[in-house]
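Work through the exercises below with the model open. Each task is followed by a solution in steps.

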Amino acid sequence: MISRRNLLTGAAFVLPGAAALLGARNATGDTPKDPHAGHNSGADAPAHQHDSATVASAPRDATGLGYTPVRTLNGSTLPWKMEGGVKVFRLVAEEIEHEWAPGMTGPCWGYNGQSPGPTIEAVEGDRVRIYVTNKLPEHTTIHWHGVILPSGMDGVGGLSQPQIKPGETYIYEFTLKQHGTQMYHPHADEMVQLAAGMMGLFIIHPKEPTTPPPDRDYAFITHMWAVHPGTRRSDPSVMLDFNIFSFNSKVFPAIETLVARLGERVRIRIANLSMDEHPIHLHGYSFKQTATDGGPIPASAQWPMTTVNVPVGATHDIAFIADNPGDWAMHCHKSHHTMGPMGHGVPNMLGVNQKEVEARIRKLVPGFMAMGETGMAEHGEHLAMGHMRGPENTLPMMTGNGPYGPVEMGGMFTMLKVRAEQKSGDYADPGWYKAPEGTMARRVE
Ligand SMILES: [Cu+2]
């Protein structure tokens, strides 16, 4: 397995200008032995994990790249090297050991040791060459989703090229004629390979930006998995009834927190390769959708919103000024998509008196606890605190602790933390927000 560390330190590939930055991020914020863990964050993550995870995507003038590098939540950018004016990238399709969140791991398929694969970043006008090596047990291809390119480079197995057999390496090479948020994924045995986690972001920065560049440029892909309770491998045959809902293949509380300094320009690129649409809602802000994967939306055609619905097979970019300090939830608004596996398929006991049956079952199953009579919150709390465990390798229905108790979320949930004192280019989690006197809900007697 090729980890990001190997790629970065193995001397084969150097990312000009940003190598030192990425290296620093790798050496500090991440766990080097676990490349897919990325820079973990979330409500349960201890603050010390973030102390020095500071320099991944410094402001554009500090990188020498001419653009603000994308911050792929829990992920990384694919290093490249220049060969005769061509940006050369390498992707290895392979099985990986993935952790959705602490307490749940399993074999997935991804690229370069990660799911999603590392983000490809380039600039409009670049000539790119991408070597794709197949280390999977079956054939694959890569389709460059939304990229305008010659038909023979489109990566549809059988249609635009022969399949890449196990052990083979193919070269894709084309010139980038557009800018925007695109994706990559297999176009071979798609049902299996997408379900197993094979996807990535392909982000093309504009050659000559016509709008002010963002100070923070975040990106993630939404996905859904069916890992049946007690099992470890995503079931590709499931079409509707998923139980794991992820941003960049991570679930709350393992999804990295987004941070911004008060007043910064923030862009969030949201991609969707799952089997359902995701209405992504950000608290505390009105934002605008500035682009689709088809290109930028003219300012006259953008309207304000608080939820952006991202359809399957598409990307939507949103942008706003981070002018409202605080800890703000950001999540899919389908409430089943902010839950863990243990909440699915349980009988509806709301309003059902279970006292008698609970006592009877306890004689057979000591410690049995009837569930759902007054709602699930109580049990979510127990689960969050580890009092009640599901089957092995199975996350609770709701989890995560905030400063005031259990957050009762899971799946597609993370936070945007906006602080006046956050340093520009610093992605460290600033801890919990302290609401100024008189600005917090309170109990009345
Ligand atoms: Cu959703």
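**Exercise 1.** Is arginine 233 buried, partly exposed or exposed?

*Solution.* The model is predicted, so local features need pLDDT of at least 70 and side-chain atom pairs count only at pLDDT 80 or more, while totals for chains, interfaces and linings use all residues. Residues are numbered from 1 along each chain as its sequence is written, and side-chain values use heavy atoms, with hydrogens and water left out.

Step 1. Take the classes: buried means under 20% relative accessible area, exposed means over 50%, and partly exposed lies in between (1.4 Å probe, protein chains only).

Step 2. Arginine 233 has a relative accessible area of 43%, so arginine 233 is partly exposed.

**Exercise 2.** Which residue forms a salt bridge with arginine 233, and which with arginine 232?

*Solution.* Step 1. A salt bridge is a side-chain nitrogen of Lys or Arg within 4 Å of a carboxyl oxygen of Asp or Glu.

Step 2. The partner of arginine 233 is glutamate 95, with 3.3 Å between the closest N and O atoms. This pair links distant parts of the chain, 138 residues apart: arginine 233 is in the loop between strand S11 (216–225) and strand S12 (244–247), and glutamate 95 is in strand S3 (residues 86–101). Helices (H or I, at least four residues) and strands (E, at least two) are DSSP runs, numbered from the N terminus. Glutamate 95 is partly exposed, at 38% relative accessibility.

Step 3. For arginine 232 the partner is glutamate 97, the closest N and O atoms being 2.4 Å apart. Here too distant parts of the chain are linked, the loop between S11 and S12 with strand S3, 135 residues apart. Arginine 232 has a relative accessible area of 35% and is partly exposed; glutamate 97 is partly exposed, with a relative accessible area of 35%.

**Exercise 3.** What do the side chains of glutamate 173 and arginine 129 form, and are the two residues buried or exposed?

*Solution.* Step 1. The two side chains meet in a salt bridge, at 2.6 Å from N to O.

Step 2. Glutamate 173 belongs to strand S8 (residues 169–175) and arginine 129 to strand S6 (residues 127–134), so the pair ties together parts that are 44 residues apart in sequence.

Step 3. Both glutamate 173 and arginine 129 are buried.

Step 4. A network of salt bridges links Lys81, Glu83, Arg127, Arg129 and Glu173. The whole structure has 19 salt bridges.

**Exercise 4.** Where does asparagine 393 lie, and which residues does asparagine 393 touch?

*Solution.* Step 1. Asparagine 393 is in the loop between helix H6 (377–384) and strand S22 (399–402). With a relative accessible area of 14%, asparagine 393 is buried.

Step 2. Contact means heavy atoms within 4.5 Å. Not counting residues up to four places away in sequence, asparagine 393 touches Gly103, Met104, Thr105, Thr231 and Arg232.

Step 3. The side chain of asparagine 393 reaches the backbone oxygen of threonine 231 at 3.2 Å.

**Exercise 5.** Which strands stand at the edges of the open sheet of 5 strands?

*Solution.* Step 1. The strand order is S13-S24-S21-S15-S19, with mixed pairing. Two strands pair if DSSP finds at least two bridges between them.

Step 2. The edges are strand S13 (258–261) and strand S19 (307–310); each has a single partner strand, so one side of each is left without a neighbour in the sheet.

Step 3. S13 pairs with strand S24 (residues 413–419) in the parallel sense over 4 bridges. Within these strands, alanine 260 stands opposite valine 418 in S24.

Key: A polar contact is a pair of N or O atoms within 3.5 Å; within protein, one must be able to donate a hydrogen and the other to accept it, and residues adjacent in sequence count only if both atoms are side-chain atoms.
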